[in-house]
Amino acid sequence: MSSTVKVAVTGAAGQIGYSLLFRIASGELFGSNTKVHLNLVEVPVAMQALEGTAMEVNDCAFHTLASINCFDNPEGGFEGCNWVLMVGSKPRGPGMERNDLIRENGPIFTGQGRAMTRSASDVRAAVVGNPCNTNCLIAAANADGVPRSRFSAMTRLDENRARHQLAAKAGVEVERVTNMAIWGNHSATQYPDFHNALIDGKPVTDVISDHAWLQSDFITTVQKRGAAIINARGKSSAASAANALIDHVKALMTPTADGNWFSAAVPSDGSYGVEEGLIFSFPLRTKVNGTYEIVRGLAHNEFAKGKIKATLDELLEEKEVVTDLLK
Ligand code: NAX
């Protein structure tokens with residue numbers, strides 16, 4: 001074993017946690033030469049269920065799992081961590097509007113942001129709990145001394161959903177669909193950018209002749225896939241979300257293949273007219289030194305500009321709702 005990594009997972013007793021923890025503990029995320037210390041973080045009422053999940057992870061006897069510990073608070077849970085995966089949040093209750101959900105969850109992320117000051121000096125955070133872009137904004141604003149660039153929110157599930165849709169329509173294997181950017185919010189306003197995506201290195205619009213499908217059904221299918229899964233399964237996406245989080249963290253740690261990019265929501269540097277600091281999903285490339293850059297210079301036609309404006313406006317409205325939590 002050549003190294004160790006300490007990872008906190010919040011909401012670890014939830015659905016996504018149940019798919020995620022085993023894949024982290026097994027070495028899939030950090031490699032078979034890295035020992036993983038797992039800190040599982042939950043709310044006090046979920047501690048018994050959490051202990052059960054932890055027993056199951058231990059019972060896999062993964063040689064890459066160094067330790068597993070359960071916490072009912074983020075201060076202890078984030079201590080010394082290199083990665084903090086913020087999966088836990090309150091679900092939307094009956095009759096609750098999106099803004100109510102944002103207000104309900106905001107205080108969780110002020111506390112978790114503050115707790116990150118106890119993490120390792122190289123700590124990075126990935127936020128999954130919804131509304132993930134704005135929760136990430138709140139956590140980053142409250143984590144004194146942790147550079148904003150270490151924070152990201154997950155739009156990788158949207159990217160993966162989009163790649164699958166394009167591959168199925170074109171009748172090709174999914175790995176032949178590349179350069180799939182999700183712009184903006186992880187919500188029904190997100191823009192899955194088929195104009196800049198490629199199939200076998202060719203523009204998607206050259207390979208798929210049904211442009212009406214691309215502009216309507218493709219976009220709405222990706223935007224509303226989460227709701228479609230709830231309708232079909234009676235529960236929200238869990239294994240696919242855990243899978244996407246594995247992809248998300250790997251993509252942020254591993255140099256991106258030449259010419260390709262991946263999607264994640266990160267603090268804007270002002271590119272593409274997006275207000276600096278807003279957590280906005282962009283096409284990204286990870287460099288050899290492990291930092292990332294926003295891909296610049298992509299062209300957007302009027303259709304794409306309209307979609308990007310709609311998702312940007314939504315994120316600016318969300319920010320308004322939580323201004324008091326941003327310090
Ligand atoms: P579950 O309700 O199964 O689990 C959430 C867990 O979080 C619960 O066990 C709960 O006790 C815990 N929790 C709540 N507040 C907490 C706190 N302050 N500290 C620690 N734990 C806390 O939800 P699950 O299906 O696992 O989904 C988790 C989150 O992911 C939800 O917010 C969901 O909306 C979001 N998703 C985000 C996705 C994305 O692409 N960004 C896709 C999947 C998913 O919908």
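The cover over the buried residues of α1 (15–25) includes β1 (3–10), β2 (34–41), α2 (47–58), β3 (65–71), β4 (83–86) and α10 (239–253), where contact means heavy atoms within 4.5 Å. The model is predicted, with pLDDT of at least 70 needed for local features and 80 or more for side-chain atom pairs, while totals for chains, interfaces and linings use all residues. Residues are numbered from 1 along each chain as its sequence is written, and side-chain values use heavy atoms, without hydrogens and water.

In α1, the buried residues are I16, G17, L20, L21, F22, I24 and A25; buried means under 20% relative accessible area with a 1.4 Å probe, protein chains only. After α1 comes G27, with a positive phi near 95°.

A pocket is an open set of points on a 1 Å grid where a 1.4 Å probe fits, with protein on both sides within 12 Å along at least five of seven lines; lining residues have an atom within 4 Å of a point.

The largest pocket is lined by 43 residues, of which S89, P91, V128, G129 and N130 are the closest to its centre. α4 (98–115) gives the largest share of this lining, five residues. Domain 1 (3–153) and domain 2 (156–321) each contribute at least three residues to the lining of the largest pocket.

The second largest pocket has 18 lining residues, and R156, A251, T256, N260 and F262 are the closest to its centre.

Definitions and conventions: Buried < 20%, exposed > 50% of the residue type's maximum accessible area, 1.4 Å probe, protein only. Helix = DSSP H or I, 4+ residues; strand = E, 2+ residues; numbered from the N terminus. Domains from an automatic or database assignment.
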